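Student: I am new to this structure and would like a close look at a single part of it. Please start from that part and then connect it to the rest.

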Amino acid sequence: MLAGKYVDMLTKKSVIRELSEYAVARGREIGYENVFDYTLGNPSVPVPESFNNSIIRLIGEKSPMDLHGYSQSLGIAEVRTAVAESLNRRFGMNYTMDHIFMTSGAAGAIAHAVRLVCEPNDEVITFAPFFPEYIPYITHAGVELKVVKPSLTDFQINFEAFEEMINERTMAVLVNTPNNPSGIVYSEATIKKLSKILLDKSREYGHIIYLISDEPYREIVFDGKSQPYPAKYYDATITCYSFSKSLSVPGERIGYVAVNPACPDACKMIVMCGQISRGIGHNCPSSIIQWAVSENLSVTADMSVYEKNMNLLYDELTNLGFEVVRPSGTFYIFPKALEEDSVAFCKKGCKYDFIGVPADSFGCPGYFRLAYCIETEKVERSLEALRRFVKENY
Ligand SMILES: Cc1ncc(COP(=O)(O)O)c(C=O)c1O
């Protein structure tokens, strides 16, 4: 018999993937260069040359076992040390390799984080708008995901709704800043207020409420600003990082869990990750890629394209009368649709080969997401299609 849980999921496939498949199919009809495909968060800027150079050099220098063998179950010791030292330099933390566990991307990191601190039937709270894959990431651990409604004026945290939702079953709060899909960076004031509530509620309920901080977009912040590092503000923080976006290597599946040294049992939690891996098959990420990222911890792909694309879209959208909060990072923009039903709105856009994703599955109906990790030249050409779409329909 087939597993019912996954059979059921076949009828609830990712809207993002479905629209992306539509865009690719449409591309086969009219040429993909004519499809303004804003569906997928697949980084478009080239991998940094130094990353490629590291791989070429490593192949010449290291033994096949070092490069292609299984790594230690917590990750390669030298790589974990390099990650710890880089976080310490950058954020003034005190990590050692004993606080770092190498994972297959942020997805792998979150899979470990939730299993570290939750038992089946516990609750994790996250904030809308949120990355829809959080639903399988959390619920497949037998844990309930609860979603706080959005603060539509700024996409910071709706604290009133959050305080109503938090309860004795809440074991963790999952945040994502810079945020997919809103593009918003949580301010220091937001992170401080969140930390204070978590501390107070942990005392009230007699157990730690962990902060799981999902940070794949940490490096993509605009206007020369930077993202406050949540673990700096809250001891019981489990940071989940991915190199997918910063180095443009999502297919390499590489990231890490970092447990704040100030968190009780931090080192034990990292050793526990090695045991969690055994059950979920996210163990021993590629050895050669671990070595390569460890040599490129202070390098990023050229992110300036994303800021340029964001400004082009933001200016055009606001000129056309869209309500939109200006993104402070990522490669997403999150406007309000011009009709209540954003699914209908996005379908109309498809007729102009302008393909965005309705935000119902992001916990924010009435909005839509554009993933502008595409060539600037294509963004520029898409603006005419957007103008025609809006003028002929609204
Ligand atoms: C908010 C968020 N978290 C996690 C992930 C998963 O990242 P990875 O592909 O590195 O596992 C993504 C990917 O797009 C994301 O946007």
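Where does C284 lie, and between which helices?

Tutor: This is a predicted model, and what follows describes that model. C284 lies in the loop that runs between α10, residues 266-280, and α11, residues 287-294. The backbone at C284 has a phi near 50 degrees, which is a positive value in a residue other than glycine. Most residues other than glycine have a negative phi, and most peptide bonds are trans. C284 is partly exposed, because its relative accessible area is 22% and buried would require under 20%.

With a relative accessible area of 0%, T330 is buried, whereas C284 is partly exposed.

Strands of a sheet pair through backbone hydrogen bonds, either parallel or antiparallel. Between β11 and β12, the latter being residues 368-371, the pairing is antiparallel and runs over two bridges. P358 has F368 of β12 as its bridge partner.

Another antiparallel pair is made by β2 and β8, residues 255-259, over four bridges. Within this pair, I100 stands opposite A258 in β8. In a regular strand the side chains alternate between the two faces of the sheet. In β2, residues 100-103, I100 and M102 point one way while F101 and T103 point the other way, and all of them are buried.

The peptide bond from T177 to P178 is cis, with omega near -5 degrees. P181 lies in the loop between β5 and α9 as well, and a cis peptide bond joins N180 to P181, with omega of about 20 degrees.

Next comes the ligand. Around the ligand there are 15 residues, of which D214, Y217, S242, S244 and R253 come nearest. A polar side-chain atom of D214 lies 2.6 Å from a nitrogen atom of the ligand. For Y217, a polar side-chain atom lies 2.6 Å from an oxygen atom of the ligand. The side chain of S244 has an N or O atom that is 2.6 Å from an oxygen atom of the ligand. Taken alone, the ligand exposes 390 Å², and the protein buries 91% of that.

The last stop is on the surface. L2, V7 and L10 form a nonpolar patch there, with about 330 Å² of accessible area together. L2 is found in the segment before α1, residues 4-9. L2 is exposed, because its relative accessible area is 70% and exposed means over 50%.

Definitions and conventions:
Residues are numbered from 1 along each chain as its sequence is written. This is a predicted model: local features need pLDDT of at least 70, side-chain atom pairs count only at pLDDT 80 or more; totals for chains, interfaces and linings use all residues. Side-chain values use heavy atoms; hydrogens and water are left out. Patches are made of residues with over 30% relative accessible area and no salt bridge: like charges are joined within 9 Å, nonpolar side chains (Val, Leu, Ile, Met, Phe, Trp, Tyr) within 5 Å. Accessible areas come from the Shrake-Rupley method with a 1.4 Å probe; for residues, only the protein chains shown count as cover. A salt bridge is a side-chain nitrogen of Lys or Arg within 4 Å of a carboxyl oxygen of Asp or Glu. Buried means under 20% relative accessible area, exposed over 50%, partly exposed in between (1.4 Å probe, protein chains only). A residue is near a molecule or strand if one of its heavy atoms lies within 4 Å of it. A polar contact is a pair of N or O atoms within 3.5 Å; within protein, one must be able to donate a hydrogen and the other to accept it, and residues adjacent in sequence count only if both atoms are side-chain atoms. Two strands pair if DSSP finds at least two bridges between them.
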